[in-house]
Amino acid sequence: MVIEMKKEEINKLFELLKNHKVYVQTHNFPDPDAIGSAYGLQQLLKYHGIESHLCYVGSIERSSLQNMIKMLPIQFATYDEINYMSQDDYVVTVDGQKYNTNLTDLSGYEIACIDHHPTVFDYDYQYKDIRIVGACSTLITQYYIETNTPMNEMIATALLYGLQVDTANLTRGVTTLDIDMFSYLYQKANTQLIYHISKSSMELSDLKAYGAAIESIHLYGKTGFAYIPFDCPDALIAMVADFILALQEINFCVIYSYRQNGLKFSVRSGLPHQLDAGNIVQKALVTLNGNGGGHSTMAGGFLSYRELEKTGITQDHWDGIIEESFLKQLQHSEGEIYND
């Protein structure tokens with residue numbers, strides 16, 4: 001059940017941020033939902049007299065995201081470009097939460113959080129709106145409606161694109177609130193612009209990652225594992241996971257990719273009520289000194305080589321140990337994955 005957010009609650013955020021230097025931070029290597037949510041929140045705050053700066057850690061490498069930022073347009077800065085942030089500055093995290101591995105701890109004070117992912121590590125925000133819906137863009141859209149804030153075409157376009165991508169066009173993790181907000185945004189957005197932004201979401205260089213996953217994939221019942229032996233963007237790993245899950249023989253998949261300091265995971269479940277991706281990745285990785293979490297349908301995680309070595313596992317054997325850890329959690333989950 002989605003908890004509604006009313007005008008009085010949202011006004012508390014406005015009062016909290018007034019007369020402060022404010023940064024809106026997305027998770028590292030932001031995706032369309034993170035970018036759309038951050039931009040939507042920035043413009044909402046601006047209308048209510050609060051200036052803010054958008055920031056992230058990492059890079060925006062995919063052409064579709066570069067198109068999104070350029071065409072709308074959106075002013076985003078990397079942390080290296082805003083290294084003058086002080087401890088007294090306020091940070092609102094959007095589409096991510098403090099202490100998560102995909103959100104770098106900046107020097108500012110994380111005073112507020114707006115997110116749609118399950119909480120892995122608790123933090124005492126002065127303002128918190130964490131609700132499990134399909135996209136963070138859904139929550140920001142509701143803020144506009146509840147506060148009677150005007151929304152122009154560019155804002156609606158950014159939010160609609162974020163909602164579409166994170167819910168796989170309303171087919172993944174969708175709630176009634178997502179559908180209602182989609183309908184609201186669709187009437188205001190420039191759908192032709194969304195087409196131009198998204199048409200280049202696949203790049204020729206991506207084929208190398210798909211090829212590596214296809215070459216390495218192996219099954220245990222209807223669970224698929226695949227390894228990408230080179231560093232590739234988080235968004236691409238997620239795309240590969242979606243691709244693998246689409247195979248008829250698979251209803252749960254674990255894709256992990258090389259990083260210089262560890263392994264990045266993307267997990268997908270086609271049976272979210274029986275095999276909760278977020279719970280499974282969290283429990284599977286914590287036993288190996290890693291961490292993870294997310295939604296029942298899609299989740300992610302990270303396992304550093306240093307922490308893995310503390311368990312006594314050498315690099316020659318970590319792939320088998322990782323798979324064993326996931327399979328153990330799958331067996332404990334409701335519904336037996338090995339049954340057809």
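**Close-up views of a predicted model**

View 1. Six strands pair in parallel in the order 3-2-1-4-5-6. Strand 3 (76–78) and strand 6 (127–130) are the edge strands, each pairing on one side only. From one strand to the next, the twist averages 30°. Strands (E, at least two residues) and helices (H or I, at least four) are DSSP runs, numbered from the N terminus. Two strands pair if DSSP finds at least two bridges between them. This is a predicted model: local features need pLDDT of at least 70, side-chain atom pairs count only at pLDDT 80 or more, and totals for chains, interfaces and linings use all residues. Residues are numbered from 1 along each chain as its sequence is written, and side-chain values use heavy atoms, with hydrogens and water left out.

**View 2. Strand 5 beside strand 6.** Strand 5 (residues 109–115) runs parallel to strand 6, joined by four bridges. Asp115 has Ile130 of strand 6 as its bridge partner. Helix 4 (residues 136–146) lies across strand 4 (90–94), strand 5 and strand 6. Helix 4 runs at about 100° to strand 5. Axes are lines fitted to C-alpha atoms, for helices over the stretch in contact, and angles run from 0 to 180 degrees between N-to-C directions.

**View 3. The largest pocket.** This pocket holds about 1200 Å³ of space. It is lined by 46 residues, and the closest to its centre are Asp31, Asp166, Ala238, Arg268 and Met298. Helix 9 (234–245) gives the most to the lining, with six residues. Other elements supply at least two residues each, including helix 5 (153–166) and strand 10 (262–269). The lining divides into 17 nonpolar, 20 polar and nine charged residues. A pocket is an open set of points on a 1 Å grid over the protein atoms alone, where a 1.4 Å probe fits, with protein on both sides within 12 Å along at least five of seven lines; lining residues have an atom within 4 Å of a point.

**View 4. The second largest pocket.** Its volume is about 270 Å³. Among its lining residues are Asn28, Phe29, Asp231, Arg259 and Phe302. By class, the lining has two nonpolar, five polar and four charged residues.

View 5. Lys21 sits in the loop between helix 1 (7–17) and strand 1 (22–26). Lys21 counts as partly exposed because its relative accessibility is 36%, between the limits for buried (under 20%) and exposed (over 50%), with a 1.4 Å probe and protein chains only. Beyond its neighbours within four places in sequence, Lys21 is in contact (heavy atoms within 4.5 Å) with His53, Tyr84, Asp89 and Tyr90.

Key: Points joined across faces, edges and corners; volume = space filled by probe spheres on them. Nonpolar A, V, L, I, M, F, W, Y, C, P; charged D, E, K, R; others polar.
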